[in-house]
Amino acid sequence: MPSSQKTERRRIGLLGGSFNPPHQGHREISLAALERMGLDAVWWLVTPGNPLKDPKIYAAYEDRLRLARVVANHPDIVVSDFERRRGLQYTAETLDALQAINPNAAFVWLMGADGLANFHRWKDWRHIAETVPIAVFNRPGHSNDALVSEAAKELGVFRIDPEDAMSLSETDPPVWVFFADTENPLSSTAIRSRKISHSLTIDRPDDLIAPCGALAFFLDLHPDLGDFRADVIEGLSLPQKTISPKYFYDDAGSKLFDQITGLDEYYPTRTEKKVFLENAAEITAAIGPRAAIFEYGSGSSEKIEWLVNGLKEPAAYVAMDISRDHLLENASAIAEVLPIPVAAICADFHSPIELPKSVLPPADHWLGYFPGSTLGNMTLSAAKSFLERASATLGPGAQFLIGVDLVKDKAVLEAAYNDARGVTAAFNMNLLARMKSELGAKLNIDDFEHYAFYNDIEDRIEMHLRAKRATVIEVDGEPYGFVPGETLHTENSHKFTLEKLKALVNQTPWRLEKSWTDEKAWFGACLLSNS
Ligand code: SAH
Ligand code: AVI
């Protein structure tokens, strides 16, 4: 997949209402919207109370929310409590807030014909029509009053043909469409009096960007399974079979990595902590006041407290990682402890990331934080692109604190990746287990073994999965053969010199401000700035 492709805006339909109760009509409008406008998702915005209706008739909010999830029953329909969380009552305000925090979404407002019939009574309805495209779905008994309503008449010239609806989400408002053929006999009003039995078993994440427990927000950019499958197939087709180390990190892989950090042989974690702690005063002084921190590959967020505690008036901490559950668990835990707002973003740092700065407290500048020498897991050219993207993400005046593992005695290096307890081997082999369980790949795990060595031409540890005998990995019915001794290259872990790092940094918008090491010069902490 070429990563240089322009990222398309996600097309999101918004269906607002009291969902009192949610019913098949909501679902059918949503399915029609997904299909006819090529939307990526529909969000149901469950409003706490509609000011036009009597508050006494509402079921408890939590019940409406849960029932909506059951009725939605579709992976692309997301039930959101955004309006309650934000204390928003009016659609016009909700749209402004959603657009501000999701600048890369193309929103379409969805409504039934009954909604259009009353639209001119909505607060700031013209602002709504000027803010987002609108799609109206016919409901029984309403098409006439809808189409002759005040709003329909005033917006008449902006109506497009349903045949052109595929482009609606990308058309500048005001613009709207009326789907005449989407009728459904049920409406909330008609079934409100019926008793509904609900078995509340379905649970799924709320929306792309949502406050979550102790987190100020959780933003899920869905680094997804499609990529894993495509990357495995592409990697197995290369002469040297290869797969990106980012696929080590499912929940099991993240837990194995945590165990690695505590191994006697794995010196990087404790050495880096020592460098940070021994130089904390100097490092934090060089960063200055009111910085907001964005940590790449935050894992267990184990290396953040010294930084937050040492910085003057830190503004916020945003943890990002590809390993969703692990990130949520650990960022939530650290949010309970840190005295500043904490947020989390699940994303792939090989793709561009835009920080939703508008939902965080203002900061004087952003500090990227990339400990653990995870930069060393990239090739030099990938590291260069990463640093360029990070400069764009963090913005002008940013700094970047990076931990890098330094070149040292080969025996020390090789021991760190061949620990006696076999945890690193299990971490490496977990990739095969993931291929089996997530991709349905057919392979025999026992046919492979962990293989790690120091390549002193490239200054890197290489990790491979080596075939013990002739064997085959089958993905999507396609066989990829291994001769005995052939390997699947799973990771590089480059070891730096400070000169080499400086040379790399100098090819990017960053400059090396200062660096610190331990007394054996095993690990380096480098502070970069992009201004
Ligand atoms: N920063 C922690 C963890 C390092 S392990 C430390 O210093 O100990 C590397 C971390 O990067 C893991 O948590 C892994 O899930 C994450 N990671 C690896 N590849 C990634 C990618 N492409 N995008 C985002 N996170 C990634
Ligand atoms: C995350 N990364 C820097 C680790 C490393 O040392 O390259 C991953 C790892 N691989 C094997 N052991 C640890």
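View 1. Everything shown here is a predicted model, in which local features need pLDDT of at least 70, side-chain atom pairs count only at pLDDT 80 or more, and totals for chains, interfaces and linings use all residues. Residues are numbered from 1 along each chain as its sequence is written, chains are lettered from A and ligands numbered from 1 in the order in which they are written, and side-chain values use heavy atoms, with hydrogens and water left out. Strands are DSSP runs of E with at least two residues, and helices are runs of H or I with at least four, numbered from the N terminus. Strand β4 (residues 105–112) runs parallel to β5, joined by four bridges. Four bridges also link β5 to β7 (residues 176–179), again in parallel, and there Phe137 stands opposite Phe179.

**View 2. The two faces of β5.** In a regular strand the side chains alternate between the two faces of the sheet. In β5 (residues 134–137), Ile134 and Val136 point one way while Ala135 and Phe137 point the other. All four are buried (under 20% relative accessible area, with a 1.4 Å probe and protein chains only).

**View 3. The whole open sheet.** Seven strands line up in the order β3-β2-β1-β4-β5-β7-β6, with parallel pairing (two strands pair if DSSP finds at least two bridges between them). Because β3 (77–80) and β6 (159–160) each have a single partner strand, one side of each is left without a neighbour in the sheet.

**View 4. The surroundings of ligand 1.** Here 18 residues surround the ligand, with Gly297, Lys303, Asp321, Asp348 and Phe349 the closest (a heavy atom within 4 Å). A side-chain N or O atom of Asp321 sits 2.4 Å from an oxygen atom of ligand 1. On its own, ligand 1 has 560 Å² of accessible area, and the protein covers 94% of it (Shrake-Rupley method).

**View 5. The surroundings of ligand 2.** Of the 14 residues around this ligand, the closest are Tyr266, Asn377, Tyr417, Glu491 and Ser493. Polar side-chain atoms lie close to oxygen atoms of ligand 2: 2.5 Å for Tyr266, 2.9 Å for Asn377 and 2.6 Å for Ser493. Taken alone, ligand 2 exposes 340 Å², and the protein buries 97% of that.

Notes. A polar contact is a pair of N or O atoms within 3.5 Å; within protein, one must be able to donate a hydrogen and the other to accept it, and residues adjacent in sequence count only if both atoms are side-chain atoms. Accessible areas come from the Shrake-Rupley method with a 1.4 Å probe; for residues, only the protein chains shown count as cover. Buried means under 20% relative accessible area, exposed over 50%, partly exposed in between (1.4 Å probe, protein chains only).
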